[in-house]
Amino acid sequence: MTATTGRAGRREWIGLAVLLLPTLVLSMDMGVLFFAVPYISTELAPSGTQQLWIMDMYSFLLAGLLITMGALGDRIGRRRLLMVGAAGFTGASLLAAWSGSAEQLIAARALLGIAGATVMPSTLALIRNMFHDAKQRQVALGAWGGVLTAGATLGPVAGGLLLDHYWWGSAFLVAVPVMVLVLLTAPVLLPEYRAGADTGTAPGRFDLLGAVLSLAAILPLVYGVKTLAVDGWSTLPALATAAGLLLALAFVWRQRTAANPLLDLSLFRIRTFSGAISVNTLAMFAMMGFSLFTSQYLQLVKGMSPFTASLWSLVPSLGVGAAVGISSALAGKVRPAALMGGGFLIGATGFAMMTQVGPHSPLALILTAAGVLAAGTVGTMTMTAEMVVSAAPAEQAGAASATSETAVELGSSLGIALLGAAGAAVYHHRLDGALPAGVDGTAAHTAQDTLGGAVSVAAHLPGQLGPDLLEAARSAFTDGLHVAAAVGLLFALGAALLAHRLLRHLPVATAAAPEPVTA
């Protein structure tokens, strides 16, 4: 490959602004929904497992299809795929907003995941193709990463503001005007790019079997792990877990033997590439896996309105902003492995603080813990986007970007699923033995499913029975929070060791330098 050294001009920078719009929406999407969970629990009455699927279906399908869509964009054109995804995301958002049952909402979230999978790898790959100058590309990728962080921060605020004035479905409508704007401006401001366009060579045949295997591996695996964690041992989820593992092995075998694989596995021989992806996966597992607990604690334990809770949730972002600034300042003085390992140790401190949060703890404790946790994990992620994009050849930018995003989304999804499932299992078990006498039948079942269900049931119980149920449910919820925090603590410590091991070869100030592929 011949490197292109031309500097980007005005059109590229305006085009970057267009690419940042869908990036912002997709990063907001999960946070917007966090504060809608209590309302969805009341209106649609999902079971505990259905509630997790409502939260996770989007991310799981997105993660399962990112590699497929990244490779598809390399072949049919990254701008074209971006526009297809924007149109699909608009329609799916409208369907989600007016869902009439938990099953319909899960289906709409699945469509959102499919559409989102076409958008994310296209944005990062187009940045790689638009900005060839290393310094300009680093600025562009920094803006992209900043928007991801900003979206995660703004999502809960936007959701809280909407839920204070409108019905829960309004949280899904935030994406509609943004995606429409992308559809109108992308053809004018964004270049089209296909693999082989600059050399006049046609890309190989699309690996349809690999695409099927990539999705078929993720869904049964996640279903099995989620169900076993929440409901305990049973044959069907155990078989699903085993099938998912076997299909994952089949996907790897297919990518090793196919003439034109979706993913060139030789990319993983680049230590910078594989190390950055591993670090990002664990960071997102820890951070996103705990975000749902924090938002529910503020609303359902502390009794805040969605908007008030969303405003308080901005407090931890102060620590995130400081961490990003400090990480950038230290990047030219400290080796990446030490910087990232230190960030994970800070995140581990936040998890340790979370194990001390109780139903009557001062608000400052959970906000400080969340701030320390987020500051440590986000601080490790500020350096990884440039590592991934710069390490891969330009013609594989879509596949490389998709692999990175797959790891991020899979880490995020598994964090929500596994930490959420652990918390839900503890909540169900503890509340089962602490239900006040007089709460039985359907009311007891609803209360044991979710904390939101317990709050709804308590509002209709007579006398002291309602407050007693709330006290028991909130105590059970914080017990689950403690278990999830302990799991997150172990992962954060493991991630610190992994960052040191995989990235210790990188010297100071060269974290973004591409490496040759080595066997």
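Thr23 lies in helix H1, which spans residues 10-34. The model discussed here is predicted.

Q: What makes Thr23 count as buried?
A: Buried means under 20% relative accessible area. Thr23 has 0% relative accessibility, and therefore counts as buried.

Q: Which residues does Thr23 touch, not counting residues up to four places away in sequence?
A: With that exclusion, Thr23 touches Thr123, Trp144, Val147 and Leu148.

Q: Why are H4 and H7 called roughly antiparallel to each other?
A: The axes of H4 (residues 78-97) and H7 (residues 175-189) cross at roughly 155° and come within 9 Å. Angles over 145 degrees count as roughly antiparallel, and H4 and H7 are therefore described in this way.

Q: Which classes of residue form the contact of H4 with H7?
A: The contact divides into 13 nonpolar, 2 polar and 1 charged residues. Among the residues that meet are Met83, Phe89 and Leu94 in H4, and Met179, Leu183 and Pro187 in H7.

Q: How do you know whether H18 is roughly parallel or antiparallel to H19?
A: The axes of H18 (residues 451-458) and H19 (residues 465-503) come within 9 Å, with a crossing angle of roughly 170°. This angle makes H18 roughly antiparallel to H19, since the cut-off is over 145 degrees.

Q: Which residues of H18 and H19 meet?
A: Leu451, Ala454, Val455, Val457 and Ala458 in H18 meet Gly466, Leu469, Leu470, Ala473, Arg474 and Phe477 in H19. By class, this contact has 9 nonpolar, 1 polar and 1 charged residues.

Conventions: Residues are numbered from 1 along each chain as its sequence is written. This is a predicted model: local features need pLDDT of at least 70, side-chain atom pairs count only at pLDDT 80 or more; totals for chains, interfaces and linings use all residues. Side-chain values use heavy atoms; hydrogens and water are left out. Axes are lines fitted to C-alpha atoms, for helices over the stretch in contact, and angles run from 0 to 180 degrees between N-to-C directions. Helices (H or I, at least four residues) and strands (E, at least two) are DSSP runs, numbered from the N terminus. Angles under 35 degrees count as roughly parallel, over 145 as roughly antiparallel, 65 to 115 as roughly perpendicular and the rest as oblique. Contact means heavy atoms within 4.5 Å. Ala, Val, Leu, Ile, Met, Phe, Trp, Tyr, Cys and Pro count as nonpolar, Asp, Glu, Lys and Arg as charged, and the others, Gly among them, as polar. Buried means under 20% relative accessible area, exposed over 50%, partly exposed in between (1.4 Å probe, protein chains only).
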